[in-house]
Amino acid sequence: MSKAPEVDRRSAADWLSSRVESQAGRIFLVTGANSGLGLETARALGTLGATVIMTARDSAKGEAAVESLRAEQPDGKFELRHLDLADLESVREFAAGVEHVDVLINNAGVMMPPHSLTEQGYELQFGVNHLAHFALTLLLFNTLLQGENPRVVTVSSGLHHRGRIHFGDLHGNQKYSRTGYYAQSKLANVVFGLELHRRLRTNGIGMLSVLAHPGYTATNLQSSGPTGISKLAMKVSNRIMAQDVGMGALPQVYAAAGADVESGQFWGPDGRNESKGYPTVVQPLDEARDRELARRLWDISVEMTGVHIDLEP
Ligand SMILES: NC(=O)c1ccc[n+]([C@@H]2O[C@H](COP(=O)([O-])OP(=O)(O)OC[C@H]3O[C@@H](n4cnc5c(N)ncnc54)[C@H](OP(=O)(O)O)[C@@H]3O)[C@@H](O)[C@H]2O)c1
(Lines give C-alpha, C1' and ligand atoms only; values in the text may rest on other atoms or scores of the structure.)
Protein backbone atom coordinates (compact mmCIF):
# COMPACT_ATOMS: atom_id res chain seq x y z
CA MET A 1 0.00 0.00 0.00
CA SER A 2 2.87 2.39 0.67
CA LYS A 3 4.59 1.84 -2.67
CA ALA A 4 4.80 4.85 -5.00
CA PRO A 5 3.03 4.54 -8.36
CA GLU A 6 4.93 2.85 -11.18
CA VAL A 7 6.71 5.42 -13.30
CA ASP A 8 5.61 5.27 -16.91
CA ARG A 9 7.85 7.81 -18.62
CA ARG A 10 6.52 7.34 -22.14
CA SER A 11 3.89 10.07 -22.18
CA ALA A 12 6.11 12.58 -20.39
CA ALA A 13 9.04 11.77 -22.69
CA ASP A 14 6.84 12.05 -25.80
CA TRP A 15 5.46 15.38 -24.63
CA LEU A 16 8.94 16.72 -23.99
CA SER A 17 10.64 15.47 -27.13
CA SER A 18 7.90 16.94 -29.31
CA ARG A 19 8.14 20.38 -27.70
CA VAL A 20 11.69 21.00 -26.56
CA GLU A 21 14.66 21.17 -28.87
CA SER A 22 18.10 19.74 -28.14
CA GLN A 23 19.86 21.33 -25.18
CA ALA A 24 23.30 20.10 -26.23
CA GLY A 25 25.96 22.54 -25.15
CA ARG A 26 23.85 24.06 -22.39
CA ILE A 27 24.73 23.63 -18.72
CA PHE A 28 21.95 23.16 -16.16
CA LEU A 29 22.48 23.10 -12.40
CA VAL A 30 19.82 21.23 -10.40
CA THR A 31 19.74 21.39 -6.60
CA GLY A 32 18.52 18.31 -4.73
CA ALA A 33 19.12 16.14 -7.79
CA ASN A 34 19.65 12.83 -6.00
CA SER A 35 15.94 12.18 -5.54
CA GLY A 36 12.41 12.81 -6.79
CA LEU A 37 11.82 15.76 -9.09
CA GLY A 38 15.45 16.88 -9.11
CA LEU A 39 16.67 13.47 -10.25
CA GLU A 40 13.90 13.27 -12.85
CA THR A 41 14.73 16.77 -14.08
CA ALA A 42 18.37 15.76 -14.50
CA ARG A 43 17.25 12.61 -16.34
CA ALA A 44 14.96 14.53 -18.71
CA LEU A 45 17.58 17.20 -19.40
CA GLY A 46 20.10 14.44 -20.09
CA THR A 47 17.80 12.97 -22.76
CA LEU A 48 17.77 16.44 -24.35
CA GLY A 49 21.57 16.38 -24.57
CA ALA A 50 22.25 18.90 -21.78
CA THR A 51 25.17 18.89 -19.38
CA VAL A 52 23.73 18.60 -15.88
CA ILE A 53 25.44 19.56 -12.64
CA MET A 54 23.57 17.61 -9.98
CA THR A 55 23.85 18.63 -6.35
CA ALA A 56 23.29 16.46 -3.29
CA ARG A 57 23.93 16.98 0.41
CA ASP A 58 24.63 13.27 0.89
CA SER A 59 27.50 12.17 -1.34
CA ALA A 60 26.57 8.47 -1.29
CA LYS A 61 23.00 9.23 -2.40
CA GLY A 62 24.37 11.63 -5.00
CA GLU A 63 26.79 9.02 -6.39
CA ALA A 64 24.02 6.44 -6.62
CA ALA A 65 21.78 8.92 -8.49
CA VAL A 66 24.48 9.93 -10.97
CA GLU A 67 25.45 6.29 -11.54
CA SER A 68 21.82 5.37 -12.24
CA LEU A 69 21.58 8.08 -14.89
CA ARG A 70 24.94 7.16 -16.43
CA ALA A 71 23.76 3.55 -16.67
CA GLU A 72 20.61 4.67 -18.51
CA GLN A 73 22.34 7.31 -20.65
CA PRO A 74 25.94 6.22 -21.29
CA ASP A 75 26.58 9.36 -23.36
CA GLY A 76 24.94 11.60 -20.75
CA LYS A 77 26.91 14.45 -19.21
CA PHE A 78 26.16 14.29 -15.49
CA GLU A 79 28.37 15.72 -12.81
CA LEU A 80 27.91 15.53 -9.03
CA ARG A 81 28.69 18.34 -6.57
CA HIS A 82 28.15 18.55 -2.83
CA LEU A 83 25.73 21.19 -1.53
CA ASP A 84 24.01 21.34 1.85
CA LEU A 85 21.36 24.03 1.71
CA ALA A 86 20.89 23.94 5.47
CA ASP A 87 24.29 25.62 5.80
CA LEU A 88 24.98 28.95 4.10
CA GLU A 89 28.73 28.25 4.34
CA SER A 90 28.19 25.21 2.14
CA VAL A 91 26.21 27.39 -0.30
CA ARG A 92 29.08 29.90 -0.50
CA GLU A 93 31.70 27.20 -0.91
CA PHE A 94 29.67 25.45 -3.60
CA ALA A 95 28.89 28.63 -5.55
CA ALA A 96 32.56 29.62 -5.54
CA GLY A 97 33.36 26.38 -7.40
CA VAL A 98 30.82 26.83 -10.22
CA GLU A 99 32.57 28.16 -13.33
CA HIS A 100 29.86 27.88 -15.97
CA VAL A 101 26.10 27.59 -15.79
CA ASP A 102 23.33 28.62 -18.17
CA VAL A 103 20.28 27.53 -16.17
CA LEU A 104 19.91 27.28 -12.41
CA ILE A 105 17.04 25.13 -11.14
CA ASN A 106 16.27 25.85 -7.48
CA ASN A 107 14.58 22.53 -6.82
CA ALA A 108 15.67 21.04 -3.48
CA GLY A 109 13.22 21.19 -0.65
CA VAL A 110 12.08 19.85 2.66
CA MET A 111 8.45 19.60 3.74
CA MET A 112 6.78 19.61 7.14
CA PRO A 113 9.59 18.44 9.43
CA PRO A 114 9.32 18.91 13.19
CA HIS A 115 10.52 22.41 14.16
CA SER A 116 14.23 22.45 13.42
CA LEU A 117 16.93 24.93 12.46
CA THR A 118 19.64 25.40 9.85
CA GLU A 119 23.31 25.79 10.80
CA GLN A 120 22.74 29.54 11.01
CA GLY A 121 19.70 29.09 13.28
CA TYR A 122 16.93 29.72 10.74
CA GLU A 123 13.74 27.65 10.56
CA LEU A 124 14.62 24.71 8.31
CA GLN A 125 11.93 25.06 5.63
CA PHE A 126 12.42 28.83 5.25
CA GLY A 127 16.19 28.32 5.41
CA VAL A 128 16.53 25.49 2.90
CA ASN A 129 13.64 26.17 0.55
CA HIS A 130 13.95 29.95 0.36
CA LEU A 131 17.02 31.54 2.00
CA ALA A 132 19.62 29.11 0.65
CA HIS A 133 18.20 29.33 -2.88
CA PHE A 134 18.04 33.12 -2.62
CA ALA A 135 21.72 33.15 -1.62
CA LEU A 136 22.69 30.62 -4.28
CA THR A 137 20.97 32.60 -7.03
CA LEU A 138 22.69 35.83 -6.03
CA LEU A 139 26.07 34.15 -5.58
CA LEU A 140 25.81 32.61 -9.06
CA PHE A 141 24.37 35.76 -10.63
CA ASN A 142 27.56 36.94 -12.35
CA THR A 143 28.35 33.41 -13.52
CA LEU A 144 24.82 33.11 -14.95
CA LEU A 145 25.28 36.45 -16.70
CA GLN A 146 28.23 34.92 -18.59
CA GLY A 147 25.97 32.03 -19.69
CA GLU A 148 24.02 31.69 -22.90
CA ASN A 149 20.37 32.81 -22.58
CA PRO A 150 20.53 32.37 -18.80
CA ARG A 151 17.52 31.39 -16.71
CA VAL A 152 16.69 30.82 -13.08
CA VAL A 153 13.85 28.40 -12.38
CA THR A 154 12.51 28.32 -8.84
CA VAL A 155 10.34 25.39 -7.80
CA SER A 156 7.40 26.29 -5.60
CA SER A 157 4.17 24.47 -4.76
CA GLY A 158 0.41 24.83 -5.13
CA LEU A 159 0.52 25.11 -1.33
CA HIS A 160 2.01 28.60 -1.69
CA HIS A 161 -1.64 29.69 -2.05
CA ARG A 162 -2.05 28.91 1.66
CA GLY A 163 1.12 30.74 2.64
CA ARG A 164 1.75 33.91 4.57
CA ILE A 165 5.13 35.47 5.33
CA HIS A 166 5.28 35.67 9.13
CA PHE A 167 7.57 38.68 9.34
CA GLY A 168 6.96 38.86 13.09
CA ASP A 169 7.99 35.23 13.60
CA LEU A 170 9.83 34.06 10.46
CA HIS A 171 11.35 31.09 12.24
CA GLY A 172 8.29 29.84 14.07
CA ASN A 173 9.85 30.38 17.48
CA GLN A 174 6.59 31.62 18.97
CA LYS A 175 4.14 29.38 17.16
CA TYR A 176 5.16 26.73 14.65
CA SER A 177 2.92 24.88 12.23
CA ARG A 178 4.65 22.40 9.93
CA THR A 179 2.22 23.05 7.07
CA GLY A 180 2.06 26.81 7.66
CA TYR A 181 5.83 27.18 7.55
CA TYR A 182 6.12 24.95 4.49
CA ALA A 183 3.53 27.17 2.79
CA GLN A 184 5.46 30.25 3.94
CA SER A 185 8.65 28.93 2.33
CA LYS A 186 6.86 28.12 -0.93
CA LEU A 187 5.19 31.54 -1.02
CA ALA A 188 8.65 33.03 -0.46
CA ASN A 189 9.84 31.09 -3.54
CA VAL A 190 7.12 32.70 -5.67
CA VAL A 191 7.61 36.19 -4.24
CA PHE A 192 11.37 35.89 -4.85
CA GLY A 193 10.99 34.53 -8.40
CA LEU A 194 8.64 37.36 -9.39
CA GLU A 195 10.76 40.03 -7.70
CA LEU A 196 13.87 38.73 -9.44
CA HIS A 197 11.94 38.91 -12.73
CA ARG A 198 10.98 42.57 -12.09
CA ARG A 199 14.49 43.56 -11.03
CA LEU A 200 15.98 41.93 -14.12
CA ARG A 201 13.59 43.90 -16.34
CA THR A 202 14.13 47.16 -14.44
CA ASN A 203 17.87 46.80 -14.88
CA GLY A 204 17.61 45.82 -18.56
CA ILE A 205 19.06 42.32 -18.01
CA GLY A 206 17.93 39.58 -20.41
CA MET A 207 18.12 36.71 -17.90
CA LEU A 208 14.77 34.94 -17.26
CA SER A 209 13.30 34.22 -13.84
CA VAL A 210 10.62 31.55 -14.11
CA LEU A 211 8.57 29.65 -11.52
CA ALA A 212 7.29 26.09 -11.64
CA HIS A 213 5.38 23.65 -9.47
CA PRO A 214 4.85 19.90 -9.93
CA GLY A 215 1.26 19.56 -8.69
CA TYR A 216 1.05 16.51 -6.50
CA THR A 217 3.85 14.09 -7.37
CA ALA A 218 4.88 10.94 -5.54
CA THR A 219 8.45 11.45 -4.27
CA ASN A 220 10.37 11.14 -1.00
CA LEU A 221 9.09 14.59 0.04
CA GLN A 222 5.98 13.18 1.65
CA SER A 223 7.93 10.74 3.82
CA SER A 224 11.19 12.51 4.65
CA GLY A 225 9.70 15.44 6.64
CA PRO A 226 6.35 14.34 8.03
CA THR A 227 6.23 11.95 10.96
CA GLY A 228 3.63 9.68 12.59
CA ILE A 229 0.09 9.63 11.25
CA SER A 230 0.73 12.38 8.66
CA LYS A 231 3.54 10.32 7.17
CA LEU A 232 1.27 7.28 6.93
CA ALA A 233 -1.58 9.30 5.40
CA MET A 234 0.76 10.79 2.81
CA LYS A 235 2.09 7.38 1.85
CA VAL A 236 -1.45 6.23 1.18
CA SER A 237 -2.43 9.34 -0.78
CA ASN A 238 0.82 9.16 -2.78
CA ARG A 239 -0.33 5.77 -3.95
CA ILE A 240 -3.89 6.84 -4.77
CA MET A 241 -3.77 10.49 -5.80
CA ALA A 242 -0.29 11.52 -6.88
CA GLN A 243 1.04 11.60 -10.42
CA ASP A 244 4.33 9.92 -11.19
CA VAL A 245 7.59 11.80 -11.15
CA GLY A 246 8.00 11.68 -14.95
CA MET A 247 4.90 13.85 -15.31
CA GLY A 248 5.61 15.89 -12.18
CA ALA A 249 8.98 17.09 -13.43
CA LEU A 250 7.60 18.37 -16.75
CA PRO A 251 6.66 21.92 -15.61
CA GLN A 252 10.13 22.63 -14.23
CA VAL A 253 11.90 20.99 -17.16
CA TYR A 254 9.79 23.01 -19.56
CA ALA A 255 10.31 26.19 -17.55
CA ALA A 256 14.05 25.52 -17.79
CA ALA A 257 14.27 24.58 -21.46
CA GLY A 258 11.08 25.55 -23.34
CA ALA A 259 11.75 28.01 -26.15
CA ASP A 260 8.54 30.04 -25.66
CA VAL A 261 8.88 30.41 -21.88
CA GLU A 262 8.84 34.03 -20.68
CA SER A 263 10.35 35.60 -17.60
CA GLY A 264 7.81 36.05 -14.79
CA GLN A 265 5.74 33.04 -15.85
CA PHE A 266 4.69 30.29 -13.48
CA TRP A 267 4.39 26.78 -14.97
CA GLY A 268 2.33 24.00 -13.38
CA PRO A 269 0.11 21.06 -14.37
CA ASP A 270 -3.01 21.76 -16.41
CA GLY A 271 -5.33 19.30 -14.60
CA ARG A 272 -7.95 19.85 -11.91
CA ASN A 273 -6.63 21.94 -9.02
CA GLU A 274 -3.27 21.97 -10.83
CA SER A 275 -2.50 18.66 -9.16
CA LYS A 276 -1.76 16.59 -12.29
CA GLY A 277 -1.30 17.00 -16.00
CA TYR A 278 0.87 18.57 -18.66
CA PRO A 279 2.57 21.94 -18.22
CA THR A 280 0.64 25.16 -18.66
CA VAL A 281 0.99 28.71 -17.36
CA VAL A 282 -0.69 29.02 -13.95
CA GLN A 283 -1.43 31.99 -11.71
CA PRO A 284 0.22 32.72 -8.38
CA LEU A 285 -1.57 33.93 -5.30
CA ASP A 286 -2.45 37.65 -5.78
CA GLU A 287 -0.42 38.56 -2.71
CA ALA A 288 2.70 37.10 -4.33
CA ARG A 289 2.66 40.08 -6.73
CA ASP A 290 2.71 42.59 -3.85
CA ARG A 291 5.80 44.73 -4.48
CA GLU A 292 6.11 46.00 -0.95
CA LEU A 293 6.00 42.45 0.40
CA ALA A 294 8.61 41.44 -2.18
CA ARG A 295 10.94 44.28 -1.25
CA ARG A 296 10.61 43.43 2.42
CA LEU A 297 11.34 39.76 1.82
CA TRP A 298 14.32 40.60 -0.41
CA ASP A 299 15.82 42.96 2.16
CA ILE A 300 15.40 40.54 5.04
CA SER A 301 16.84 37.71 2.93
CA VAL A 302 19.92 39.85 2.21
CA GLU A 303 20.23 40.55 5.93
CA MET A 304 19.89 36.89 6.92
CA THR A 305 22.17 35.44 4.24
CA GLY A 306 24.69 38.26 4.06
CA VAL A 307 24.53 37.98 0.26
CA HIS A 308 23.86 41.10 -1.78
CA ILE A 309 24.09 42.11 -5.43
CA ASP A 310 23.48 45.46 -7.08
CA LEU A 311 20.10 44.82 -8.63
CA GLU A 312 17.87 47.72 -7.79
CA PRO A 313 14.10 47.18 -7.58
N1 LIG B 1 6.37 16.11 -4.64
C2 LIG B 1 5.40 17.02 -4.66
O3 LIG B 1 4.19 16.69 -4.73
C4 LIG B 1 5.73 18.46 -4.60
C5 LIG B 1 4.67 19.38 -4.62
C6 LIG B 1 4.96 20.73 -4.62
C7 LIG B 1 6.27 21.16 -4.60
N8 LIG B 1 7.28 20.26 -4.54
C9 LIG B 1 8.66 20.78 -4.51
O10 LIG B 1 9.48 20.03 -5.36
C11 LIG B 1 10.84 20.13 -4.92
C12 LIG B 1 11.50 18.76 -4.96
O13 LIG B 1 10.88 17.91 -4.02
P14 LIG B 1 10.61 16.36 -4.29
O15 LIG B 1 9.15 16.18 -4.29
O16 LIG B 1 11.41 15.89 -5.42
O17 LIG B 1 11.14 15.73 -2.91
P18 LIG B 1 12.35 14.73 -2.58
O19 LIG B 1 12.25 13.50 -3.39
O20 LIG B 1 12.34 14.60 -1.11
O21 LIG B 1 13.61 15.56 -3.04
C22 LIG B 1 14.03 16.69 -2.34
C23 LIG B 1 15.49 16.93 -2.62
O24 LIG B 1 15.91 18.05 -1.83
C25 LIG B 1 17.07 17.65 -1.11
N26 LIG B 1 17.27 18.37 0.14
C27 LIG B 1 16.48 18.40 1.24
N28 LIG B 1 17.10 19.11 2.21
C29 LIG B 1 18.28 19.52 1.69
C30 LIG B 1 19.38 20.25 2.21
N31 LIG B 1 19.43 20.68 3.46
N32 LIG B 1 20.43 20.49 1.39
C33 LIG B 1 20.45 20.03 0.13
N34 LIG B 1 19.47 19.30 -0.40
C35 LIG B 1 18.40 19.05 0.38
C36 LIG B 1 16.84 16.17 -0.84
O37 LIG B 1 18.06 15.55 -0.42
P38 LIG B 1 17.99 14.21 0.50
O39 LIG B 1 17.59 13.09 -0.41
O40 LIG B 1 19.38 14.09 1.03
O41 LIG B 1 16.95 14.45 1.56
C42 LIG B 1 16.37 15.73 -2.21
O43 LIG B 1 17.45 15.62 -3.08
C44 LIG B 1 10.78 20.76 -3.53
O45 LIG B 1 11.14 22.12 -3.63
C46 LIG B 1 9.32 20.65 -3.14
O47 LIG B 1 8.90 21.69 -2.27
C48 LIG B 1 7.04 18.91 -4.55
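Modeller: A word on naming before we start: helices and strands here are DSSP runs, numbered from the N terminus, with helices needing at least four residues and strands at least two. Please also keep in mind that this is a predicted model.

Colleague: Fine. Which helices each supply at least two residues of the shell around the ligand?

Modeller: Those are α2 (36–47), α5 (124–139) and α8 (221–224), and α2 gives the most, with 3 residues. In total 30 residues surround the ligand, and the closest are Gly32, Gly36, Gly109, Thr219 and Leu221.

Colleague: And how many of the shell residues are nonpolar, polar or charged?

Modeller: The shell around the ligand divides into 14 polar, 12 nonpolar and 4 charged residues.

Colleague: Changing topic, at what angle do α7 and α12 pack?

Modeller: Helix α7, residues 178–202, packs against helix α12, residues 291–305, at about 100 degrees, and their axes are 9 Å apart. Because angles of 65 to 115 degrees count as roughly perpendicular, α7 is roughly perpendicular to α12.

Colleague: Which residues meet there?

Modeller: From α7 there are Ala188, Val191, Phe192, Leu194 and Glu195, which meet Leu293, Ala294, Leu297 and Trp298 of α12. By class, this contact of α7 with α12 has 8 nonpolar residues, 1 charged residue and no polar ones.

Colleague: What about the largest nonpolar core, which residues touch the most other members?

Modeller: That core has 91 residues, and Phe28 and Met54 touch the most other members, while α7 gives the most to this core, with 11 residues. Leaving aside neighbours within four places in sequence, Phe28 is in contact with Leu45, Ala50, Val52, Asp102, Val103, Ile105 and Ala256. As a general background, nonpolar side chains tend to be buried together in soluble globular proteins.

Colleague: Now the loops. Is Met112 buried or exposed?

Modeller: Met112 counts as buried because it has 22 C-beta neighbours inside 10 Å, where the cut-off for buried is 20 or more. Met112 is found in the loop between β4 and α5, and its phi is near 55 degrees, a positive value in a residue other than glycine.

Colleague: Where does Asn273 sit, then?

Modeller: Asn273 is in the loop between β7 (266–269) and β8 (279–281). Asn273 also has a positive phi of about 55 degrees although it is not a glycine, and with 10 C-beta neighbours inside 10 Å it counts as exposed.

Note on methods:
Residues are numbered from 1 along each chain as its sequence is written. This is a predicted model: local features need pLDDT of at least 70, side-chain atom pairs count only at pLDDT 80 or more; totals for chains, interfaces and linings use all residues. A residue is near a molecule or strand if its C-beta atom, placed from the backbone, lies within 6 Å of it. Ala, Val, Leu, Ile, Met, Phe, Trp, Tyr, Cys and Pro count as nonpolar, Asp, Glu, Lys and Arg as charged, and the others, Gly among them, as polar. Axes are lines fitted to C-alpha atoms, for helices over the stretch in contact, and angles run from 0 to 180 degrees between N-to-C directions. Angles under 35 degrees count as roughly parallel, over 145 as roughly antiparallel, 65 to 115 as roughly perpendicular and the rest as oblique. Two residues are in contact if their C-beta atoms, placed from the backbone, lie within 7 Å. A nonpolar core is a set of buried Ala, Val, Leu, Ile, Met, Phe, Trp, Tyr and Cys residues joined through C-beta atoms within 7 Å. A residue is buried if 20 or more other C-beta atoms lie within 10 Å of its own, exposed if 12 or fewer, and partly exposed in between; C-beta atoms are placed from the backbone.
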